[in-house]
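Please open the viewer and get ready to click along. Each stop tells you what to select and what you will find there.

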Amino acid sequence: MIIFWVLKVNIFIFCMLPKYISSISLVIMMLIMVADVLLRALFNHPIIGAYDLVGIFLLLTTVFGISIVISKEKEILIDLIDRIIPIKLVKFLKFLTNILTFLIFCFLLYSMINPAISSWKYGDISLELGVPIWFLWLISVIGVSGIILISLGKILKVKIFIHPFIKKK
C-alpha cells in the first residue's frame, strides 16, 4: 500500500505537476500579452509589469514543459536512417541520445549555479516588478533538476519517471 502511494505521488510530482504548471503558465502568458496589446491600443495604457510577467511565465512554461516532453518521449525525432540501420543500432542511438540529454542538462544546471549565487549576493531585481532574480534562478534550478531526474530515469528505465499515459507501440 505504501509503495502504491509513493508511486502515485512520484507520478504526480514528475509527470502531472509540471504539465499543469507549464500549461497554466502558457495560458496566463498569452492572456497577459493579449490584454497588454488591447489596453495599449484602446486606452493607451499598457499593463505595468507585463514584460516581467511574460518573462516569468515563459520561464515556467519552458523549464517545466521540457520535462513533460522528455517523459512522454515526444522529442523532435529525425528518423531518416531508422529504416536502414539494424534495430539494435537504433536502440543504441536512442540510449546515446538519453545520455547526451542527461549530460547537457547537468552542464546547464552546473552553469546556472554562479549566476544564481551572484544574483543572490548583489540583490538583483527585475526591471518593472522588482522580483528578485535569484527566485527566477531557483525556479530554473528546480525545473532543470526535474529534467535531469526524468532523463536519468529514462537511462535507467525507471518507470516512475516515464509518463504513465504513454501508449507503447
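**Start at a tryptophan**

Select W120 first: its relative accessibility is 57%, over the 50% cut-off, so this residue counts as exposed. Keep in mind that you are looking at a predicted model.

W134 is partly exposed, at 31% relative accessible area. The ring centres of W120 and W134 are 4.9 Å apart and the planes meet at 75°, so this pair is edge-to-face. Colour the helices and you will see W120 in helix α3 (residues 87-122) and W134 in helix α4 (residues 133-156), so the pair ties together parts 14 residues apart in sequence.

Next, click F135. Its ring pairs with that of W134, again edge-to-face, with 6.2 Å from centre to centre and 90° between the planes. F135 is partly exposed, with a relative accessible area of 39%. Show W120, W134 and F135 together: ring pairs link them into a cluster. The whole structure holds 2 aromatic pairs.

**On to Y51**

Move to helix α2 (residues 50-71) and select Y51. Is this residue buried or exposed? Y51 is exposed, at 60% relative accessibility. Leaving aside residues up to four places away in sequence, Y51 touches L127 and E128.

**Zoom out**

Finally, show the whole chain, with its 4 helices and 0 strands. Buried residues account for 31% of the 169 residues.

Technical notes. Residues are numbered from 1 along each chain as its sequence is written. This is a predicted model: local features need pLDDT of at least 70, side-chain atom pairs count only at pLDDT 80 or more; totals for chains, interfaces and linings use all residues. Side-chain values use heavy atoms; hydrogens and water are left out. Helices (H or I, at least four residues) and strands (E, at least two) are DSSP runs, numbered from the N terminus. Buried means under 20% relative accessible area, exposed over 50%, partly exposed in between (1.4 Å probe, protein chains only). Contact means heavy atoms within 4.5 Å. Rings of Phe, Tyr and Trp (its six-membered ring) pair if their centres lie within 6.5 Å; planes under 30 degrees apart count as stacked, over 60 as edge-to-face and the rest as tilted.
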